[in-house]
Amino acid sequence: MTTAVFPAAPEFHAGAHAVRTTGRFAVAANPLAAVTGAEIQAPLINGGYARYANLDYGASAPALSVVSAYLNEILPYYASVHRGAGYASQISTSVYENARDIVREFVGGRPDDSVIFTRNTTDSLNLLAGCLPLRDGRPAGEVLYLDIEHHANLLPWQNVPHRSIVAAPTLAATVDRLREELARGGVSLLAVTGASNVTGEILPIRTLAALAHDHGARIVVDAAQLAPHRRIDIAGDDVDYLAFSGHKLYAPFGAGVLVGRTDWLDAGTPHLAGGGAVRDARLDSVSWTTGPARHEGGSPNVLGAAALARATQVISELDPAQWYAHEDAIRSFLVAGLERIEGVTVHRIFADSSPVDDQPSTGTIGVVNFSVEGYDAGLVAAYLSAEHGIGLRDGRFCAHPLLKRLGLPAGSLRASFGLGSRLEDAERLLAGLQQLTQSGLGWDYVVDAGRWVPANDTRNYPHWAPNTPGTAGAAPCTQD
Ligand SMILES: Cc1ncc(COP(=O)(O)O)c(C=O)c1O
């Protein structure tokens, strides 16, 4: 493990990586909830190992240990759902259907809201795009969205009548722009992210819901990033639809969810035409059923839904003040440290989103975006991984329009964290960046299949992961 010195945040002294327990950062010494893989040892390119510092929660979070244990408990009972009369089938059906109620409660849903299990947020938003009310066979209104969205909340709307606008430099002015656009009329749905996957800034959902409704539109919130970091209350905030992914919510078993008002969903195009979605099928015609089954054709992901529901229960039991303080402490510490390193720039979209370095933030989740002058983001990520055992994300975060507008067409870096994260992870990142900006790279790196990788990488990887990047036959990166 490297012990390079990094600039100290107010209550800290530079030096080794032991987590200090004084001041407002003390809360971050406690990982708050156990996650799987927390003690993985990553092989370093110049020899030895370091505990893997997972700062890539925004892409996919590790499983909660409780979720992992729960899956082991129910796995023996896994069987077909809905159509089986057997003991295990009935238990599996109960687990699956019960998961809907648990998830509805987690998001503060209305009793009559539909809870549809999908693969992920992308799937959920595509499903909703097929359920917009029609007039003469075409969607009756337009979908309005900002240019800050993840592609999952941007591309599905390009297939239906839509309007996009550029976010303003402040949140307040962005709300004004949306108000003006809604006032022009013709919008049936405002599609907005709960929190930016690029910068972590939270959008004022309750305000935007009221705005949409004032102008006769509904609102869908892409909560892929918000749900793992903040309590959600769709009834309280008057949100019509909400989508999120299990794999970002500590339940990486392939399930996502769409929750919301039933009328559009019951009348919409069935998302997956197939078994279970019909009342009656004939050779060349069909009568579709209503309810979640209309969109969940085929055998559902029972264990994924069960894992997602169990994760929401664990999160619901957290004390929100403690939960937010934990993530805010890591974020504040990290941002303060990054801003002290010469050549490192922290990026944000809005000038008026909550500051992170002078008071505990309520306006930004555990996502920090930055770049290092003179270095490709991909090279920095490869260096941090190979020489320090740190995992974070580089690239354009599936938000190309925003990255271009922020002046980062080639991408930047994103550190993201949550339950199970420790202050030490942020310390390690700062130490690695300090070392890079002061002493440069400690190894040679080359571009292989479009990614920066260490040259002559002879580290041993598990035999069951033969295509690990850096080894022969690595797959090119497609998630940009
Ligand atoms: C804000 C946001 N929306 C949507 C998605 C898409 O999520 P998924 O890949 O689980 O469909 C992501 C994933 O990074 C995201 O961050």
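User: On what basis are residues numbered and values computed here?
Analyst: Residues are numbered from 1 along each chain as its sequence is written, and side-chain values use heavy atoms, with hydrogens and water left out. As this is a predicted model, local features need pLDDT of at least 70 and side-chain atom pairs count only at pLDDT 80 or more, while totals for chains, interfaces and linings use all residues.

User: How many helices and strands are there in the chain?
Analyst: Helices (H or I, at least four residues) and strands (E, at least two) are DSSP runs, numbered from the N terminus. On that basis the chain has 12 helices and 21 strands.

User: What percentage of the residues of the chain count as buried?
Analyst: Buried means under 20% relative accessible area, exposed over 50%, and partly exposed in between (1.4 Å probe, protein chains only). The accessible surface of the chain is about 19,500 Å², with 52% belonging to carbon and sulfur atoms; such areas come from the Shrake-Rupley method with a 1.4 Å probe, and for residues only the protein chains shown count as cover. Of the 480 residues, the buried share is 56%.

User: Which residues come nearest to the ligand?
Analyst: A residue is near a molecule or strand if one of its heavy atoms lies within 4 Å of it. There are 13 residues around the ligand, and this shell divides into 2 nonpolar, 9 polar and 2 charged. The classes take Ala, Val, Leu, Ile, Met, Phe, Trp, Tyr, Cys and Pro as nonpolar, Asp, Glu, Lys and Arg as charged, and the others, Gly among them, as polar. Those that come nearest are Thr 122, Asp 222, Ser 245, His 247 and Lys 248.

User: How much of the accessible area of the ligand does the protein cover?
Analyst: Polar side-chain atoms lie 2.5 Å from a ligand oxygen in the case of Lys 248, 2.6 Å in the case of Ser 245 and 2.7 Å in the case of Gln 225. A polar contact is a pair of N or O atoms within 3.5 Å; within protein, one must be able to donate a hydrogen and the other to accept it, and residues adjacent in sequence count only if both atoms are side-chain atoms. On its own the ligand has 390 Å² of accessible area, and the protein covers 91%.

User: Is Gln 225 buried or exposed?
Analyst: Gln 225 is found in the loop between strand E10 (218-222) and helix H6 (234-237). Its side chain reaches the backbone oxygen of Gly 58 at 2.9 Å. Beyond its neighbours within four places in sequence, Gln 225 is in contact (heavy atoms within 4.5 Å) with residues including Ala 195, Lys 248 and Arg 414. Because its relative accessible area is 6%, Gln 225 is buried.

User: How far apart in space are Ala 167 and Leu 146, C-alpha to C-alpha?
Analyst: Ala 167 lies in the loop between strand E8 (162-165) and helix H4 (171-183), and at 3% relative accessibility it counts as buried. Its contacts outside four places in sequence include Leu 146, Phe 350 and Arg 405. Ala 167 and Leu 146 are 21 residues apart in sequence, and their C-alpha separation is 6.0 Å.

User: How many disulfides does the count come to?
Analyst: A disulfide is a pair of cysteine sulfur atoms within 2.5 Å. Cys 131 is buried at 2% relative accessible area, and Cys 398 counts as buried at 11%. The number of disulfides is 0.
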